[in-house]
Each structure stands twice: as C-alpha cells, then as structure tokens.
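Please examine the arrangement of helices and strands displayed here. The paragraphs that follow take up a pair of helices and then a sheet.

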Amino acid sequence: MSLNIGRIIGIPVRIHYTLWLVLLLIAWSLAEGYMPQHYPGLGATTYWAIGIFSAIILFISVFLHELSHSYIAKKNGLPIARITLFFFGGVSEMSEEPKDAALEVRMAAAGPLASFLIAIVLGGFWYLTFLVNGPIPIIATLYYAAFLNGVLGAFNLIPAFPLDGGRVLRGSLWRRSKNLLSATANATRVSEAISLLMMAVGLFFVVFGDFVNGLWIIFLGWFIRSGAETSLRQTRLTESLAGVRVGDIMTKELLSVSPDASVQQLVSDYFLVHPHGGYPVVSNAKLLGVVTMSSVRSIPREKREIERVTEAMVPYERTVTVSPTTLAIDALQLMAKNLVGRLVVMDGDRIAGMVTRGDLMKTMKARQDLGLWDHTHV
Ligand SMILES: [Zn+2]
C-alpha cells in the first residue's frame, strides 16, 4: 500500500499509493484539459511537461506541509513514528497525542501555514515572471502550483477532524475547557455537522448536473465523518486508561506449562480446566515462550499426543513482553501492532504476570462505568 522513500530529520517517510494516482490524475488533467484550455497553442509535449512539473511541485508541497507538522512535534519532544504522504496531504503518525492544548494548536496550524507560505512564494515568482513576460509554460506552472498550495492550506483548515482545522478547533476548545474529552466530543460534533453539510451539498450537485464534483464532495464528507469518529473513539480509549499501568491489572498468579508436556496434556490439564486462553512455557524459572489456543489449533488432532508444547509454542524470541510499569494504553497498542491478544509481563528476568486484551477491556469498562475516566486535564 505504501512505499518507503527514506528518512528526513530522523523520521521515515512513506508514500501511500493514492498519492501516485492523484499525481497522475493531476498531470493528465492539466496536460489534456486545463492547460490547453487556458493557454492555447503550446503543443502536447509542453502541456505534458507542465502537467508533470506541477504534479512534482504538488508532491513536494504536500511533503513540506507534513514536514512542518512533524518539525514542531519533534521540537517539542513528541516522537513521530513516520510520515505517510497521501492524497489530501498526509499523516504524521504520532506515538503520543500532544500533551497540552497550545502545542496541539501550534502543531496543527503549522501545516496550513506552510502551504500558504509556499503559495505566497510561488505566487510571487509567478507575478515576477508575468511582469517580465517570461515563458508561458513557466507562468502557467507557477500559477497553478501557487493556486494548489492555497487550496491545500484552505482545505486543511476546514474545522473538521481529521483535518488540521479540526485539531486547531479541538486545541482551542481544550485550552478553554481544560478537558480533552469534552473538547474532542465538541469538535467531533462540529465535524459531523460539516460532513453532513458537505454530503448534502454533494448530493445537490449530483442531482442538479455536476455529477463528478458532487461525488467528490460526498466522498470528502464521508472521509471527514469517519475520521472524526475514529478520533473520538481513540480519545475515549486513551482517557479511560489514563494513568493505568500494566502492573495494576495483570494476572499475577500464573500457571505455567512445562515445555515437555504433550499438546494433549496441555489441552486436558489446562485449557479444559482453567479459564485462561494462554500460558507461559517455563523451564527452570526461565520463560521459553507462550502457548495459546491458536498454537494448539495449528497442531492436527491426531498429532497432539506426540507433539510437545515446545514445538507448538510461540518461542521467546517472538513473544511480546512488557514491564509492569508499561502504560496500559501502550500495551493495547502493542497488541494491535503485533496482532496478539496477550503480553508477558517481565520484571527484569523474572516473569511478573500476563496481561490480555480482555484485562484491558475490563479495566476500561469498569473505569467508564464508574465515571473515573472523565477527568480534567490541566
Ligand atoms: Zn496538515
């Protein structure tokens, strides 16, 4: 889906396949439609050159927009896992949410600001070239590139998640109410109103003739709507586990399995008797791996008598471990990233316990039910 293109200021940068499609589409529509219409008589090669150059400038612009977000984040000590460039701009994947409202506002505003700045610079060059009667292909390219950057900045300022404007809005609300969750909920409401409005306008266009642009607006509305919901869910999740550490909720009284037990023994003495879905495999107080229901399922029934646990388990090298001080929210993300449902908790060399997705869900639900999650941020 995405292609790695390298690192900049220490952050890996990837290009999502949708960006290639959009760049191609832009080059093509400029070369075959817009440019011949507005600057007639230049010849097909020149039109294609303008189209391709404009697409390249757009690509660089999107990149600079995203880089400016990441730059502010990095400068303020927020780690950025990677930058993915895709068709409306991009996403800087933060491993953490901004810690304070002012930082969120600054970080979100940096992108559109960069886009407007690029638009002004390119616009300036366009104007100069125009004044001195420079070559028409260059005038056309500069004009279009400046225009696109203006659109990029303006579009991203729409106050709706997950666009930058939505984050600026949330940051400002958060600053005022000091409550991240209520700020997110209110910003989500605004986003939903905007997305509904966009879909309604799009539908109007579709019905009254402008089919393609109408569909485009409906799609953007839908994109905003789903992004807003994801943000709200993410914030709820983070908030409901705020301050909880793995050590607080892990299962400490662990039953462990010997590596020499047969898979059949494991089934009849453990899985059929105890409620747990996985066990550490331990020999001489040393963790050798983890065995789960799915490791058992991968062994054919007729082989379970002879096959030993050590052959069925996920070995230590591939076992995901955390420490008792790991934040619960980080543990949840680790599970999602590694596609596992349980983590072994290690206190140095010692097995301290195990934590499962179920444990985390139970904690979240309990804290939500008790109203412990809606706490105020300062
Ligand atoms: Zn942005």
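In this predicted model, helices α1 and α2 are oblique to each other, because their axes cross at roughly 140° and only angles over 145 degrees count as roughly antiparallel. Helix α1 covers residues 17-38 and helix α2 covers residues 44-75, and their axes come within 8 Å. The crossing of the two helices is right-handed. On the side of α1, the residues that make the contact include Leu 23, Ile 26, Ala 27, Leu 30 and Ala 31; on the side of α2, they include Tyr 47, Ile 50, Gly 51, Ser 54, Ala 55 and Leu 58. As a general principle, an α-helix has 3.6 residues a turn, so residues three or four places apart point the same way.

The length of α2 may also be examined. At 1.5 Å a residue, its 32 residues should span 46 Å, and the C-alpha atoms at its ends are 46 Å apart, which agrees with that expectation. Just after α2, Gly 77 adopts a positive phi of about 80°.

Attention now turns to the strands. In general, strands of a sheet pair through backbone hydrogen bonds, either parallel or antiparallel. Here three strands form an open sheet in the order β5-β6-β7, and the pairing is antiparallel. Strands β5 (278-283) and β7 (314-315) each have a single partner strand, so one side of each lacks a neighbour in the sheet. Between β5 and β6 (residues 286-292) there are six bridges. Val 281 stands opposite Gly 289 in β6.

Conventions:
Residues numbered from 1 in each chain as written. Predicted model: local features only at pLDDT ≥ 70, side-chain atom pairs only at ≥ 80, totals over all residues. Axes fitted to C-alpha atoms, helices over the stretch in contact; angles between N-to-C directions. Helix = DSSP H or I, 4+ residues; strand = E, 2+ residues; numbered from the N terminus. Parallel < 35°, antiparallel > 145°, perpendicular 65-115°, else oblique. Left-handed = near helix turned anticlockwise from the far one by under 90°. Contact = placed C-beta atoms within 7 Å. Pairing = 2+ DSSP bridges. Expected span 1.5 Å × (residues − 1).
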